[in-house]
Each structure stands twice: as structure tokens, then as C-alpha cells.
Amino acid sequence: MKKILALITVLVAMQLITSTAIADNGGGPSDLGLDTQVGGVCGLVLTPTSVHFGLLQQDQTSGDQTTIVKNDGTAPTTSLEIQGADWSPASTPVTFPVSTTHYDESGSDYGSMTSLLTTPNPIHGGVLGNQASFTLHFKLSIPHGVTAAAYTQTITITSGC
Amino acid sequence: MKSLLLVIVCLSVFLSASITYALQQVAGPLFFTVPLGGSSSARYGLVNDGEETITISLRAEGDAAKYLSFPSSVELQPKKMVYTEVTANIPENYDRASGGNIYGWMYALQQGAPGQVQINVQMKKNVTIVIPGVPFVERESTTIQTVQTLTTAQTTQAQSAITGSFVMTPANYLVAGAAIGFSIGIFFVVTKRRGG
């Protein structure tokens, strides 16, 4: 048992150290072509990639939900945008608007936050430096008269460089 | 037995914290020079910086979209850069009045985790097609990123990504130090148990 423990320890340490190295060299020289464009890579990491507002009543506003947006690449992004889709249930065609979801970078009052739209809108000034990150806050307010159902929504965060 | 349990719990927490959705792309626009009736190819570099194999959906938008061909999806292994070939085809009967400059975008979409609100990760790439001999026309162009003014550190990192060499950043030192410290701690526990 002790030997197995020691072996696990060594393997885990090696995995952690090597994964750190691999993550930074963009995949290793064997995967990189000669015509790689100058400027490195820009990346987008979301933690988490889904949020949950829970069970809400009509006219009720949710609590704050967040995701951390990070550029884990070596180059800054030149665009950073957010867009969404209408809230829709699985069983019926009834939806309620995407704009009932609000977002910002500070988690302020629902009314002070920006409405999510189906068209892309810049976030964080559109630029995120390499290895930089920020927290994106979401809140939802259920409109009056919405049919009771389990609704879902898809949000897309787009980064360019 | 308690020490063993502690080690297993610590390992689980430490390893699960490193699992994330992470998509990267090579910086710079996709640029094609295509003669009438001809074709040209470029490569779209994508990296899965996460821990699991993922499938990315590719699509194009804008005026250039109808001239581009590429696979609709691509599988990315963890920590590997994959170049996907994108081909621009300009027909012989191309309407010269449309101009010799065509713009658009390519998108690589990674689905978020299923949930009440699924948040997708998407990379966007500017595309330019130039047709020699056909006059340019005034049109709304994509905001093309040309040359970034990089700091010394950014330049070093960018060169590292291109050559594949490894540069230790402060964050890397921190993670590597934590990993080594963690390992020493576990060794200490194991040694103590063996001695006791």
C-alpha cells in the first residue's frame, strides 16, 4: 500500500508539472507549422460553462450568477462579445425574451445591468490581455404572465484575435 | 487509513480544479489571394487547452462565406494544436462588380456544459479574400487586426508559441512550486506512516 501511495504521488507530480509546460508551448513543436502567424494564440476559458438561476416565480428577480472569463493565450483578444437566445422550454413553443437576462462586470442591481441581446455586444471593452480575466455577473427577472415550465437559455461568448 | 483518505481527497480536489473548457486560436486573419476560376488554401490553427478531447463546430459568415469550404467540425485532443485547412474558391464567372476584396469571418464553437443556462465558448477569425486584377470596391470591411504592439513579455511568449519552446512565466513557477510542495507533503505523510 505504501509503495502504491508513493508511486501515485510521483505520477501526479509529474503530470502536474508536464501539463503546465505543455499548456504554455501551444502544443509542442511537432504540431506547429512553419506558416504559423506571428502573434501567438489568444484563448477563451469560462469557469463555469453553465449557470443556474433556480426556481423563480413571475416578477421575481434571481440572485447573482457568475462565470469567470479568461484569456489563457499568449496574445490579447481584439474582440470580445456576448450574445444569447430567447428562453425556451423543451415541451412548448412558448418563449420569453433573451433580454430578461441582464449582465455586467460588477453584479449591481438588475435594473442597472445590461440586457442580453441576440446580436453580439462587446464586453470588457472588447479587449482582454493575455492571461487576464474578469468575472461576468448574470441576473434574470421573470416577466409577468410567463407560463410555468422549465426554461433554458444559451449564451455565447465570442473572442477574436 | 485517515492519511490515505486525506491524500485521496486532496488529489481529487486538486485535479478536478484543473479541468476547464479552454479554446485557443492562432492570432491573425485568414488571408487568401485567389485568381478568377482558381482556389487557395489557408490553415486555421486551433488549440484545445482543456483536459478532455472536444469537438468544435466550424462555420463562416459574411460575404466570404459562400466562397469558403472547410469541415463542419473538428476534433481537438487536449494540449494539441490542430490546423484545419480552409479553401477559398472563386468561380470563373465571378461578378467583377462585386469587387476584388471580399470579407467575412470564421467561427469555432465549443458547446458549454448542459444546464439551465449553457454558456458556449466561441473563437472568431477575420477572413479576407483578394482577387488579383479585380478592382477593390468600397464596402464595410471586417475590423482586421494587423500588427499588435506587443510588450517584451508578450513577444517572448508569442515566439514561444510559434517555435514550440517553453517559457516559464510567474504563473508557471507558482503552479510548479505548488505541485512540488504538494508532492513533498505527501512523501512526508507516507514516510511518517512508514516510520510509525
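**Exercise 1. A loop residue in chain A**

Where is the place of A:H124 in chain A? Find the residue, then look at its backbone and surroundings.

Step 1. This is a predicted model, so every value here is computed from predicted coordinates. A:H124 sits in the loop that links strand 8 (121–122) to strand 9 (133–140) of chain A.

Step 2. Look at the backbone: phi of A:H124 is positive, about 55°, although the residue is not a glycine.

Step 3. Count the surroundings. A:H124 has 18 other C-beta atoms within 10 Å, so it is classed as partly exposed. Being buried would take 20 or more.

Step 4. Now stay in the loop between strand 8 and strand 9 of chain A and find A:Q131. A:Q131 is also not a glycine, and its phi is positive, near 70°. With 18 other C-beta atoms within 10 Å, A:Q131 is partly exposed.

**Exercise 2. Outline the two chains**

How many helices and strands are there in chain B?

Step 1. Chain B has three helices and nine strands. Read from the N terminus, they follow the pattern α-β-β-β-β-β-β-β-β-β-α-α.

Step 2. Chain A has one helix and 10 strands. Its order from the N terminus is α-β-β-β-β-β-β-β-β-β-β.

Step 3. Turn to burial. In chain A, 38% of the 161 residues count as buried; in chain B, buried residues make up 30% of the 196.

Step 4. Finish with contacts between residues at least 6 apart in sequence. In chain A, 76% of these involve residues 24 or more positions apart. In chain B, the share joining residues at least 24 apart is 65%.

**Exercise 3. Trace a sheet across both chains**

What is the order of the strands in the open sheet of nine strands? Walk through it and check some of the pairs.

Step 1. The order is 7(A)-6(A)-9(A)-3(A)-1(A)-1(B)-3(B)-7(B)-5(B), and the pairing is antiparallel. The edges are strand 7 (114–115) of chain A and strand 5 (68–69) of chain B, each of which pairs on one side only.

Step 2. As a reminder, strands of a sheet pair through backbone hydrogen bonds.

Step 3. Check a pair in chain A: strand 3 (residues 65–70) and strand 9 are antiparallel and share six bridges. Within chain A, A:T66 faces A:H137 of strand 9.

Step 4. Move to chain B. Strand 3 (residues 39–48) and strand 7 (residues 81–89) run antiparallel and are joined by nine bridges. B:V47 lies opposite B:M81 of strand 7.

Step 5. Strand 7 of chain B also pairs with strand 5 of chain B, antiparallel and over two bridges. Here B:L68 has B:A88 in strand 7 as its bridge partner.

**Exercise 4. Core and surface**

Which residues of the largest nonpolar core touch the most other members? Then compare with a proline in a loop of chain B.

Step 1. The core has 55 residues, and those touching the most other members are A:L46, A:I157 and B:I129. Strand 9 (residues 117–130) of chain B gives the largest share, six residues.

Step 2. List the contacts of B:I129 beyond four places in sequence: B:F32, B:V34, B:A64, B:Y67, B:A88 and B:I102.

Step 3. Now find B:P132, in the loop between strand 9 and helix 2 (152–163) of chain B. B:P132 is exposed because it has 10 other C-beta atoms within 10 Å.

Step 4. Beyond four places in sequence, B:P132 contacts B:T33 and B:P35. B:T33 is 99 residues away along the chain, yet the two C-alpha atoms are separated by 7.1 Å.

**Exercise 5. Check the confidence**

Over which residues of chain A is the pLDDT below 50?

Step 1. Chain A averages a pLDDT of 83, and 75% of its residues score at least 70.

Step 2. The stretch below 50 covers residues 15–38, which has 49 contacts in the model beyond near neighbours in sequence.

Notes: Residues numbered from 1 in each chain as written. Chains lettered and ligands numbered in written order. Predicted model: local features only at pLDDT ≥ 70, side-chain atom pairs only at ≥ 80, totals over all residues. Helix = DSSP H or I, 4+ residues; strand = E, 2+ residues; numbered from the N terminus. Buried ≥ 20, exposed ≤ 12 C-beta atoms within 10 Å, placed from the backbone. Contact = placed C-beta atoms within 7 Å. Pairing = 2+ DSSP bridges. Core = buried A, V, L, I, M, F, W, Y, C linked by C-beta atoms within 7 Å. pLDDT = per-residue confidence, 0-100.
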